[in-house]
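Subject: Handing over the structure

Hello,

Here is the structure I promised to pass on to you. Please have it open while you read, and my notes on what turned up in it follow below.

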Amino acid sequence: MGKRKVQIWKLYEVDYESWTIKRKNKKCPRCGSFMAHHMKPVERWHCGNCGYTEFVGRKK
């Protein structure tokens, strides 16, 4: 098993009118890397680098 290649177009969003680049996913408050958004079994944000997890509360 090898490491997966990062698909950079999935991580950033470019606004061509103002020429700015913005991250699509959240930044980990602990280590600073990208966090993954998981929907199942519970909606949460998870950092694969350091293991930090934020659970998303239900909106009523």
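This is a predicted model: local features need pLDDT of at least 70, side-chain atom pairs count only at pLDDT 80 or more; totals for chains, interfaces and linings use all residues.

A residue counts as exposed when its relative accessible area is over 50%, as buried when that area is under 20%, and as partly exposed in between.

The overall picture

The protein chain has five strands and zero helices. Read from the N terminus, its elements run β-β-β-β-β. The C-alpha trace spans about 40 × 35 × 20 Å along its principal axes. The radius of gyration is 14 Å, whereas a compact globule of 60 residues would have one near 10 Å. Of the 60 residues, 10% are buried. The chain exposes about 5,800 Å², and 54% of that is supplied by carbon and sulfur atoms. If you take the contacts between residues at least 6 apart in sequence, 4% of them join residues at least 24 apart.

The hairpin

Strand β1, residues 12-15, pairs with β2 in the antiparallel sense, over four bridges. Within this pairing, Asp 15 stands opposite Thr 20 of β2. The two strands form a hairpin with four residues between them. Trp 19 belongs to the loop between β1 and β2, and its phi is near 55°, a positive value in a residue other than glycine. Most residues other than glycine have a negative phi, and most peptide bonds are trans.

Two residues linked by contact

Glu 13 is part of strand β1. Setting aside residues up to four places away in sequence, Glu 13 touches Thr 20, Ile 21, Lys 22 and Lys 24. Its relative accessibility is 42%, so Glu 13 counts as partly exposed. From the C-alpha atom of Glu 13 to that of Met 35, 22 residues apart along the chain, the separation is 16 Å.

Lys 24, one of the residues that Glu 13 touches, sits in the loop between β2 (20-23) and β3 (36-38). Which residues does Lys 24 contact, leaving aside its neighbours within four places in sequence? They are Trp 9, Lys 10, Leu 11, Tyr 12 and Glu 13. Lys 24 has a relative accessibility of 45% and therefore counts as partly exposed. The C-alpha atoms of Lys 24 and Gly 57 are 20 Å apart, with 33 residues' distance along the chain.

The sheet

Three strands make up an open sheet in the order β3-β4-β5, paired antiparallel. Its edge strands are β3 and β5 (53-55), each of which pairs on one side only. On average, neighbouring strands of this sheet are turned by 20° against each other, direction ignored. β3 pairs with strand β4, residues 44-46, over three bridges in the antiparallel sense. One detail to look for there is Ala 36, whose bridge partner in β4 is His 46.

The loop between β3 and β4 holds Pro 41. Is the peptide bond from Lys 40 to Pro 41 cis or trans? It is cis, with omega near -5°.

The cysteines

How many disulfides does a search of the whole structure find? The number is zero. Cys 31 is in no disulfide, and the nearest cysteine sulfur, that of Cys 47, lies 3.6 Å away. A disulfide is a covalent bond between the sulfur atoms of two cysteines. For a pair to count here, the two sulfur atoms have to be within 2.5 Å.

Cys 50 is partly exposed because its relative accessible area is 28%. Cys 31 is partly exposed as well, with a relative accessible area of 35%.

Best wishes

Methods
Residues are numbered from 1 along each chain as its sequence is written. Side-chain values use heavy atoms; hydrogens and water are left out. Buried means under 20% relative accessible area, exposed over 50%, partly exposed in between (1.4 Å probe, protein chains only). Contact means heavy atoms within 4.5 Å. Two strands pair if DSSP finds at least two bridges between them. Axes are lines fitted to C-alpha atoms, for helices over the stretch in contact, and angles run from 0 to 180 degrees between N-to-C directions. The radius of gyration is taken over C-alpha atoms; the globule rule is 2.2 Å times the number of residues to the power 0.38. Accessible areas come from the Shrake-Rupley method with a 1.4 Å probe; for residues, only the protein chains shown count as cover.
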